[in-house]
Amino acid sequence: MSTTTSTTGGGGPRGGRHAPPPPFALRFLQQLWSANTVTVTVLAIVLALLVGAILIIIADPQLRTMYGYFFARPTDALGASWDRVADAYANLFRGAIVDPGVVARVIEGELPPARAFAPISETLRFATPLVFTGLAFAIAFRGGLFNIGVQGQAILGAIGAALVGFLLPLPVVLHLVAAVLAGALLGATWGFIPGFLKARTGAHEVIVTIMLNWVGLIFLGWLIVQAWVADPTRADAISRPVDESARLPRLLAWLGPGLRVDLGIVLAVLAVVAVAWLLRRATFGFELRAVGLSPDAARVAGMSVTGTYVMVMVVAGALAGLGGMTMVLGPALALTPAVIGNVGFDGILVGLLGRAKPWGVFAAALLFGALQAGGNRMQVSSGVSLELVQVIQALIVVFVAAPALVKAIFALRAARARSIAAADGGHGW
Amino acid sequence: MERRVPLRLELHGITRRFGEVVANDGIDLTVEPGEIHALLGENGAGKSTLVNVLYGMLQPDSGQILIDGEPVRIHGPRDAIAAGIGMVHQHFMLVPVFTVTENVMLGAEPARGGPARLLDRQRARARVVEVSGRYSLAVDPDATVEDLPVGVQQRAEIVKALAREVDLLILDEPTAVLTPQETDDLLEVMRTLKAAGKSIVFITHKLREVTAIADRITVVRNGRVVGTTGPEESEDALAAMMVGRTVSLQVSKPPQPPGEPVLSVAGLAVNDERGHRVVDGVDLTVHAGEVLGIAGVQGNGQTELVEAVMGLRPVLTGTVHMKGTPLVGRRTKDILRMHVGYIPEDRSVDGLVKEFTIAENLVLNMYDTTPYGSRWILRPAAIASSAAERVERFDIRTTSPQAAVATLSGGNQQKVIVARELTRPLTMLVAAQPTRGLDVGSIEFIHRQILHEREVGTAVLLVSSELDEVIALADRIAVMYRGRILDVVNPQTPREQIGLLMAGVRGDSAPGQVGGDGADAT
Amino acid sequence: MTAPDTVPATAAVAEPARFWTRERKAGTGLGVTGLVAAALFGALASDRPAAFTLAETTAGDTVEINGTLGAVVFGLLAAVAGAALWAPRARRWFVLLLAAGIVAVVVSFLCWQLSRSPQNVLPLGNVIRSSVIFALPLIFGGLAGTIGERSGVINIAIEGQFIMGAFFAALVATVAASVWFGIVAAAIGGLLIAALLAMLAIRFVVDQIVVGVVLIVFALGVTGFLFEQLMAPAPTRYNAPSRVPTWEVPALSDIPLVGPVLFRANIFVYLALALVVLVYVGLFHTRWGLRTRAVGEHPAAADTVGVKVLGLRYLNVLLAGAIAGVGGAYFTLLATTNFNKGMTAGLGFIALATMIFGRWNPVGVLLAAVFFGFSRALAVYLGSIGSPIPSQFLNMLPYLATIAVVAGLVGRARPPAADGKPYIKG
């Protein structure tokens with residue numbers, strides 16, 4: 001074994017070796033990288049779409065045959081792959097934001113104006129529950145709790161809203177208000193349990209919420225076949241429909257009946273504003289953030305950590321419950337075993353992608369909503385099944401959660417750091 | 001690899017940076033065979049970095065390590081052990097749920113023959129018995145580590161190193177958690193090891209131990225070697241080398257008659273998380289305008305006593321009153337609102353939310369009172385303006401009151417806490433280890449602040465494991481040992497006598513004694 | 001100064017005696033449950049007999065008991081066991097009394113159920129056998145979780161490893177026309193997810209729970225996508241594996257109860273049991289196990305004696321992924337013979353519960369898995385005979401039992417100290 005010693009100077013920092021200032025382009029890149037939330041998010045989306053493209057190619061039997069003779073005629077395979085992927089992603093875009101072809105025909109007068117707004121309407125509709133469930137994860141996260149139970153809380157919220165929606169004969173406005181509140185209340189109850197157990201016994205909320213998700217799902221499965229809930233006219237497991245008076249009114253019904261975006265999105269924006277206000281300006285928000293970042297310091301400062309845990313989970317549960325409510329009073333209108341789909345689990349991803357910040361969550365929910373709306377179009381028009389969207393969503397969050405991974409893949413920062421280290425540390429070890 | 005015993009260690013120009021900070025700056029050090037070499041320096045002087053480099057936990061940026069004249073590279077603990085270097089860390093590296101034997105065998109497990117290569121616990125146990133016998137390190141090989149007292153855990157650590165046949169042992173701040181009695185035992189063990197031909201690198205910031213045991217002393221300051229000297233050097237000279245200027249812990253403290261009793265603790269008993277009795281019948285009184293210092297080796301119940309007073313820990317029995325109002329059973333928030341200031345022991349964990357801004361931390365326990373807020377809503381403008389004013393007044397070095405506290409140095413972080421607690425009218429101040437790990441400038445600043453509170457008539461309960469600090473600040477000193485107040489003495493008491501009390505040895509009617517058996521002196 | 005006296009070590013202040021010991025708490029709980037069972041189940045039961053048989057079918061010899069009588073008697077027996085826990089020397093009999101009490105409550109419950117069902121015979125052989133079958137994936141998943149968490153890495157993604165294992169098993173077993181290749185492929189499928197988990201959690205220090213949740217979504221998405229694009233259009237080419245063979249040991253398989261379970265079994269049963277033994281011996285009697293546990297409890301301590309903390313964590317996470325992947329093969333090579341989207345239906349989460357309920361111990365995992373399997377088997381059987389209680393409530397049992405355990409209602413579970421904490425040197 002041997003070692004080399006520093007030959008330049010005493011090895012101290014006063015050696016006078018200064019790296020030359022990096023050229024402007026590098027500095028610009030450096031700033032681009034260090035402003036990393038936006039950059040990383042964009043790159044994460046790009047990377048996820050790239051992986052999605054690879055999956056599209058792998059899953060296509062024709063393309064697979066073409067890659068069989070790739071070395072004979074590489075342009076065939078590459079060209080066809082490009083066409084296939086471009087077609088799929090173009091349809092994703094058309095379904096999520098705007099379809100230029102349709103817009104042109106609307107301007108020509110061939111189609112009703114509602115058709116031009118359909119993609120946006122669908123995006124907002126899909127985003128609506130995700131805003132709530134994303135907030136439900138995010139606010140608990142800020143309070144230092146991992147709310148994996150968003151799904152269960154949303155299920156309970158859907159149950160509460162639906163039961164009030166078809167059991168209570170209430171007048172028009174009141175009925176909707178009561179159904180919305182019932183959703184929040186039942187969701188809050190389901191959030192209270194892990195919060196209370198955490199506060200009283202220290203039970204880890206991750207385990208308790210995971211278990212409660214399944215308890216909630218099984219409970220829903222039992223509930224909808226009960227005589228007082230089940231739809232007597234149907235043989236399958238479905239509840240009676242929610243009364244007209246308890247449904248979320250559609251915002252663009254005057255433009256066309258197919259535009260499904262409803263009052264839920266307005267409530268969602270209000271929820272974002274409320275949570276943002278709560279975190280910044282309310283004493284409860286201050287306590288919540290302090291407890292989330294340092295429960296010990298919060299306790300020493302006289303805050304009730306356990307009380308905050310309970311309150312945070314109640315609020316989170318209520319938000320998740322509202323997310324479930326927007327499903328059953330909006331597009332679904334009746335309880336089925338899959339009434340809320342995956343909005344709870346997706347909400348976790350949305351909360352993470354939004355970095356647990358209210359408006360970040362809103363943006364992430366819009367992105368996920370767009371991906372789902374576009375994914376439906378992609379499935380119908382390009383024959384690429386909807387699960388691809390799920391993969392892309394998961395990958396985006398993976399990349400965002402591991403910014404170092406994104407940087408490593410793009411390798412720029414790492415390469416730069418290496419070169420500087422080499423220039424600076426021209427000695428020893 | 002067969003090694004010659006004993007071993008000679010040389011370090012040449014060891015430099016290690018952490019970002020902008022140079023923790024070790026060209027350090028040279030030689031440890032002769034069979035030598036006890038003390039590495040003396042303040043907290044943050046770079047001692048721990050140096051030994052971590054030596055043990056392979058950190059890689060130096062430059063410099064060279066030679067063993068018996070041969071340059072070696074130490075990439076990790078495995079290399080260090082192979083080179084004959086063992087280490088006992090300041091925070092013990094023992095798996096709490098393992099037995100002593102399992103801890104000793106970990107990383108060098110003997111296996112039985114046969115294809116399964118199962119663990120040979122008998123052989124490992126025999127090794128523990130053999131090593132602990134050879135160096136008189138009494139330790140039960142079958143005890144679970146978490147059930148052992150700290151001193152015994154440390155012996156287990158030493159056995160763990162010696163079982164690996166090391167010739168040089170690094171002891172990183174080994175006495176920080178020991179009573180004076182346990183410290184004496186440790187010094188005895190070190191002499192035994194030296195007699196057996198082992199070299200020892202002994203890291204400490206306590207002068208007394210250094211002069212008692214070291215063959216040579218290397219003083220480190222700000223990452224550099226200030227000088228190497230022998231144990232004949234006077235403590236004053238060593239202290240001056242350590243801190244870079246002549247220190248006087250003498251603070252001007254005008255005599256002042258104590259006022260009415262403010263805090264009265266009677267028969268207080270408290271358990272720790274594991275159900276062990278850590279405060280065991282404590283009686284105390286603190287008067288207005290008086291500093292009551294609690295001296296004692298860390299871990300004798302001081303932490304829990306303070307937490308119980310502050311409503312942070314359940315009380316088994318006993319009472320705590322402030323000006324006649326009972327505190328037991330009250331929420332911490334209410335106690336703080338009764339004009340009690342609290343400087344917690346572990347500032348980075350308990351005192352601050354590091355990701356919060358300075359402004360937010362300055363209102364951490366008053367955010368819902370005027371002018372900063374009301375029951376439901378914060379007033380950001382009031383919080384910001386008050387923060388700007390207090391940052392100025394307490395000379396908190398920062399770019400902005402809206403910067404995160406994590407960006408501040410340790411001294412400035414502590415100033416944030418002090419600014420938070422001392423800018424409101426106080427009846428009582430509870431300060432636990434208020435200057436631990438700080439630079440001399442910050443220490444002086446905080447001492448002045450505490451004495452200022454004393455002048456304006458606040459009752460101060462000061463807990464510190466630095467005896468010098470207690471002697472300098474306190475009007476009366478209560479010595480705590482195993483959860484009890486052994487005695488209350490005045491600060492003129494000879495420090496040897498206080499040291500004995502800290503070791504649990506109680507003398508009868510010694511001079512300078514103010515109170516009886518843990519009672520107050522009114 | 002005169003002769004110094006040292007402070008005695010005994011406490012000066014007497015501790016208020018703890019009244020609610022573990023035995024008394026459990027005893028009270030059991031006693032109340034027993035009394036409630038006796039009253040409730042007794043009132044609900046009918047006077048028709050409830051019959052039990054050891055066989056796998058309802059034919060053959062049965063033991064019969066009057067429904068009401070049985071429900072009341074066994075409920076009271078449970079209460080007696082609970083009361084016995086208050087006896088002075090109950091500590092020594094704790095496990096036995098508790099087990100007896102729980103069994104008595106279960107029997108009391110069954111007396112009510114059977115006496116009210118059109119078909120009033122419970123074939124224990126059948127129920128036990130299906131308990132074990134239902135327990136199989138939980139054993140694999142629970143062991144996978146145990147290995148990971150013992151070294152300090154939380155593996156929430158067992159569900160993801162299951163689904164990947166199930167998918168790969170179906171695909172490869174069909175294409176290669178061999179279930180054995182299918183099982184190997186399943187291990188690789190689980191390994192893939194585990195590799196992602198290891199890379200993200202260990203190398204990139206992403207929160208382990210976040211990684212786990214995201215990987216579940218990812219695995220469900222990828223398998224769902226490939227199922228739709230690949231398998232659904234051509235099921236016979238890609239999604240028609242055969243079932244693993246059942247091996248019967250002639251004479252031994254006729255032993256009541258145990259025989260069919262152990263000697264008319266398949267590769268999964270033997271693999272699961274072998275793994276329980278291997279992991280148990282491995283964890284507690286080998287160098288790997290000692291180091292794994294050290295790394296999960298106090299990684300810095302392991303590091304300072306030269307144990308490669310991160311390397312060991314990588315190894316364990318990958319190993320766990322392979323085991324969970326094999327557990328996934330259960331779904332497509334034994335439970336059914338084709339892959340379907342989301343077919344693991346949350347069993348990965350019950351596997352997680354199995355690990356906690358089994359207290360991070362392989363033998364505990366086995367017992368917990370069989371217990372959960374039993375509740376599932378009972379739910380299925382009682383559902384099939386038209387029992388009055390909805391099977392959903394029995395299906396909730398594993399989840400509720402796990403909540404009770406983590407909340408410390410029935411003893412506390414203590415995870416490894418460094419579980420879920422990334423290790424960063426220095």
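Helices (H or I, at least four residues) and strands (E, at least two) are DSSP runs, numbered from the N terminus. By that rule, chain C holds 17 helices and six strands.

This is a predicted model: local features need pLDDT of at least 70, side-chain atom pairs count only at pLDDT 80 or more, and totals for chains, interfaces and linings use all residues. Residues are numbered from 1 along each chain as its sequence is written, while chains are lettered from A and ligands numbered from 1 in the order in which they are written.

**Chain C.** Its C-alpha atoms fill a box of roughly 90 × 55 × 40 Å along the principal axes.

**The sheet of chain B.** Six strands form an open sheet with mixed pairing, in the order β16-β17-β18-β13-β19-β20 (chain B). Two strands pair if DSSP finds at least two bridges between them. The edge strands, β16 and β20 of chain B, each pair on one side only. From one strand to the next, the twist averages 15 degrees. Strands β13 and β18 of chain B run parallel, joined by four bridges. In this pair, B:V291 stands opposite B:V460.

Contact here means C-beta atoms, placed from the backbone, within 7 Å. Axes are lines fitted to C-alpha atoms, for helices over the stretch in contact; angles run from 0 to 180 degrees between N-to-C directions.

| Helix (chain B) | Residues | Strands touched or crossed (chain B) | Angle |
|---|---|---|---|
| α17 | 495-502 | β13, β19 and β20 | about 35 degrees with β19(B) |

Key:
Two residues are in contact if their C-beta atoms, placed from the backbone, lie within 7 Å.
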